[in-house]
Amino acid sequence: MNPDPDYSAAYVVLSDGECEGHGFAFTIGRGNDIQTAAIRALEPYVLGRDVSDLGALYKEMVYDSQLRWLGPEKGVMHMAISAVVNALWDLKAKRAGKPLWRLLAEMSPEEIVGLVDFRYIGDELTPDEALEILRRAEPGRAERIEKLLETGYPAYTTSPGWLGYDDEKLRRLCKEALDDGFKQIKLKVGADLEDDVRRMRIAREVCGEGFPIAIDANQRWDVGAAIHWIKALSPYSPHWVEEPTSPDDVLGHATIARAIAPIPVATGEHVQNRVIFKQLLQKRALSYLQLDAARVAGVNENIAILLLAAKFGVPVCPHAGGVGLCELVQHLSMFDYVSVTGTMENRVIEYVDHLHEHFTDPVVVENGVYRAPLAPGFSAEMRPESIAAHVFPDGPVWRDS
Ligand SMILES: [Mg+2]
């Protein structure tokens, strides 16, 4: 589905005169200028404003009655809100001198509930139920913070499984992923069924029975084609099937999930807001929820999504990769572990080994785990020299290409 990505980001810097908050919307090339214009439309919400109450400010942006017409709560405008909200959280965490996961993990259940917009999800999750989930996780938070610092959070890698690698390379990269200590790998599928059957067989041979091998179709199929394709791969026991069809097709996902059971369905990187996640959960259409840090409206809406997933008992395994998405989602999973679900069981954060060198506080993945970030902020800040080199259209990378 994405044959020619040119990884890009519409990048936001907010300054309060002492500290800077950084945020971005990840795009894959054309359209990044549209994304940037959408972010600019939000300037009145932050310039010269008191930004201490991020629950209130987030809702103000989402309910701008004119900008809302462009969504509501989906697409370019929603991603713009995400970039700004995440930059505000980066600023807040830097001012507090804490990594974001820890800032959130040390907030009271009442404060966390105050960050969430319950409109449209109250039929499944009320503020009182959210409080109950968070209060249940309160005992043991300090111990879990210690454990996280000690052991990190499990990661999986997509590196072996890109389409277009020959069989020898697939074999070698699977072996490397095992040697590197990853607890799971993922193969991209959906271009050619015969190829996929062979690739899956090779990956299974190298990784062994029982090792989790997920597959990712990136929205390639209609419902019927998805069922047919996945059944052909079922002898190799896929750990989950990711994005089998359109991210908007809640009922289609439910049909696929029933038809391919017990193989689980995973989705979320293109799910536009908490409402669609609510429906996917209500219809038991997904078994793994793959939130994205920069598609829904930033940290606040992702807290709503984490709470919904906890209510339904569905593990969250965030989407990452892109530009800086690994850097962001680690904070959300770690907050989930400490303050929401209290467990890392059956949960992994995606890891893709590229573009981390552009960030001032890049992820540290060792022996198959994300080490908990320690630097203040949301790990969202790119290095000034990377920004200067890549800024469109005048940066040297563009000028000289
Ligand atoms: Mg994917």
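I started at Pro 154 and found it in strand β3, which covers residues 153-161. I note here that the model is a predicted one.

Is Pro 154 buried or exposed? I counted 21 C-beta neighbours inside 10 Å, so Pro 154 counts as buried; the cut-off for that is 20 or more.

I then listed the contacts of Pro 154, leaving aside neighbours within four places in sequence. They are Lys 183, Met 344, Arg 347, Val 348, Gly 368 and Val 369. I also looked up Ile 387, which is 233 residues from Pro 154 along the chain; the two C-alpha atoms are separated by 30 Å.

**Whole chain**

I went on to the protein chain as a whole. Its secondary structure comes to 17 helices and 11 strands. The C-alpha atoms fill a box of roughly 60 × 55 × 45 Å along the principal axes.

Why do I say the radius of gyration agrees with a compact globule? For 401 residues such a globule would have a value near 21 Å, and the protein chain has 20 Å.

Of the 401 residues, 47% count as buried. Taking contacts with a separation of 6 or more, I find that 73% are between residues 24 or more positions apart.

**Helix α15**

I looked up α15 next. This helix has 16 residues and reaches 21 Å from its first C-alpha to its last, close to the 22 Å expected at 1.5 Å a residue. I wrote it down as mostly covered, with 16 of its 16 residues buried. After α15 comes Gly 342, with a positive phi near 70°.

Packed helices are described by the angle and the distance between their axes. For helix α8 (residues 141-151) and helix α15 (residues 325-340), I have axes that come within 8 Å and cross at roughly 145°. On the α8 side the contact is made by Arg 141, Arg 144, Ile 145 and Leu 148. On the α15 side I have Met 334, Tyr 337, Val 338 and Ser 339. By class, this contact has five nonpolar, one polar and two charged residues.

Last, I checked the strands β1 (residues 8-15) and β2 (residues 20-27). How many bridges join β1 to β2? There are eight, and the two strands run antiparallel. One pair I looked up is Leu 14, whose bridge partner in β2 is Gly 21.

I recorded β1 and β2 as a hairpin with four residues between them. Gly 17, in the turn, has a positive phi of about 100°.

Methods. Residues numbered from 1 in each chain as written. Predicted model: local features only at pLDDT ≥ 70, side-chain atom pairs only at ≥ 80, totals over all residues. Rg over C-alpha atoms; globule rule 2.2 N^0.38 Å. Buried ≥ 20, exposed ≤ 12 C-beta atoms within 10 Å, placed from the backbone. Contact = placed C-beta atoms within 7 Å. Axes fitted to C-alpha atoms, helices over the stretch in contact; angles between N-to-C directions. Nonpolar A, V, L, I, M, F, W, Y, C, P; charged D, E, K, R; others polar. Pairing = 2+ DSSP bridges. Expected span 1.5 Å × (residues − 1).
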